[in-house]
Amino acid sequence: MTTEGRSMKRSKTVSDARNLLSSSTRRPNSSTLSLPTTRKRSKGLSRRCTSELSLRRIGSMGGSRSGSIKNYSRKATILMAQRSNATGVRKIVQSLDEKCDKASAKPNEIPPADDPYPYCALIMHIADDAYYRVVLGSANCISILIKAMSLFPQHVTLQETCCCALGKLCEGNGSNQRAVVNANGVEQIVNSMKQHSGNIAVQSAACDTLKQMKTMLINEDTFQMNEKLVQEVMLCLNTAKQMYITAKSKVHAEELFLALETRYKPSEQSS
């Protein structure tokens with residue numbers, strides 16, 4: 001091999017090494033980083049949860065539903081992050097409360113200029129993580145979601161999203177279920193089902209949420225539900241299960257309706 005050939009080969013090797021070094025030290029883009037489907041569960045503190053970085057990135061968003069927060073809600077990007085004090089999550093809840101207060105000044109505007117829907121959607125995705133369900137519950141998130149539902153009864157997308165968020169927060173969490181009851185959440189869910197009786201998305205989300213609260217609904221001592229509310233819940237479930245709602249929601253509606261009918265029918269006959 002000639003001297004010129006060896007020089008060209010050496011320069012190519014150096015160039016390849018530099019490219020490899022630069023590619024290995026380049027930081028990945030956090031906006032496109034996602035979990036592999038076959039990734040094994042980590043034994044450390046890192047686990048499948050919402051990144052504080054992504055929450056802070058979205059927390060400064062305005063009320064526009066066409067911005068990055070909508071893309072976040074659509075893609076539901078979940079990053080690897082260590083457990084923290086969840087300051088970003090609490091800020092999201094605080095921002096939702098502020099949006100509700102601002103938007104309540106113009107209740108007839110749908111969607112309102114300060115639309116709280118994007119923050120409801122973000123909370124719905126955060127609630128997929130069991131750790132953050134506890135954080136959201138301690139941040140008074142449940143009462144704020146119910147407040148948003150009561151302020152904007154005609155906002156169909158918000159009603160559906162809040163129902164989904166409440167259902168996820170109640171999943172395997174008795175404390176959050178109790179908080180929904182104490183904040184008149186069951187009444188609000190029933191009102192949403194009656195207000196949007198023809199909307200399949202709202203009916204499906206409401207049935208799924210009520211199913212998560214089955215233990216509270218059939219326990220008369222802890223729930224202290226009046227007879228009128230029981231009848232309204234059963235009427236809404238009976239109507240929903242006859243609609244073309246999702247198969248899973250239909251099963252939930254039928255199962256809960258049967259449980260309520262079995263639990264409360266004897267007392268009605270005795271009266």
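These legends describe close-up views of a predicted model of one protein chain.

**Conventions.** In this predicted model, local features need pLDDT of at least 70, side-chain atom pairs count only at pLDDT 80 or more, and totals for chains, interfaces and linings use all residues. Residues are numbered from 1 along each chain as its sequence is written, and side-chain values use heavy atoms, with hydrogens and water left out.

**View 1. The whole chain, for orientation.** The protein chain holds 15 helices and two strands. Helices (H or I, at least four residues) and strands (E, at least two) are DSSP runs, numbered from the N terminus. Of its 271 residues, 40% are buried. Buried means under 20% relative accessible area, exposed over 50%, and partly exposed in between (1.4 Å probe, protein chains only). The chain exposes about 15,000 Å², and carbon and sulfur atoms supply 50% of that area. Accessible areas come from the Shrake-Rupley method with a 1.4 Å probe; for residues, only the protein chains shown count as cover. Among contacts with a separation of 6 or more, 77% join residues 24 or more positions apart. A contact is a pair with heavy atoms within 4.5 Å.

View 2. Helix α4 spans residues 87-103, 17 residues in total. From first C-alpha to last it reaches 24 Å, close to the 24 Å expected at 1.5 Å a residue. The expected span is 1.5 Å times one less than the number of residues. The buried residues of α4 are G88, V89, I92, V93, S95, L96, K99, C100 and A103. Seen down the axis of α4, they fall within an arc of 160°, so they line one face of the helix. The arc is that of the directions from the helix axis to the C-beta atoms. An α-helix has 3.6 residues a turn, so residues three or four places apart point the same way.

View 3. A105 lies in the loop between α4 and α5 (117-126). A105 is exposed, at 61% relative accessible area. Its C-alpha is 10.0 Å from that of L151, 46 residues apart along the chain.

View 4. Y132 sits in helix α6 (residues 130-138). Y132 is buried, at 0% relative accessibility. Y132 and A86 are 46 residues apart in sequence, yet 7.8 Å apart in space, C-alpha to C-alpha. N140 belongs to the loop between α6 and α7 (141-151). N140 is not a glycine, but has a positive phi of about 65°. N140 is partly exposed, with a relative accessible area of 46%.

View 5. N184 is in the loop between α9 (174-182) and α10. N184 also has a positive phi, about 60°, although it is not a glycine. N184 is partly exposed, at 45% relative accessibility. Q188 is part of helix α10 (residues 185-195). Q188 is buried, at 12% relative accessibility. Leaving aside neighbours within four places in sequence, Q188 contacts I146, M149 and S150.

**View 6. The largest pocket.** The largest pocket has a volume of about 260 Å³. Its lining consists of M124, C163, C164, G167, K168, E171, A205, D208, T209, Q212, K248 and H252. Helices α8 (156-170), α11 (200-212) and α15 (247-270) each give two or more residues to this lining. On a 1 Å grid over the protein atoms alone, a pocket is an open set of points where a 1.4 Å probe fits, with protein on both sides within 12 Å along at least five of seven lines; lining residues have an atom within 4 Å of a point. Grid points are joined across faces, edges and corners, and the volume is the space filled by probe spheres set on the points.
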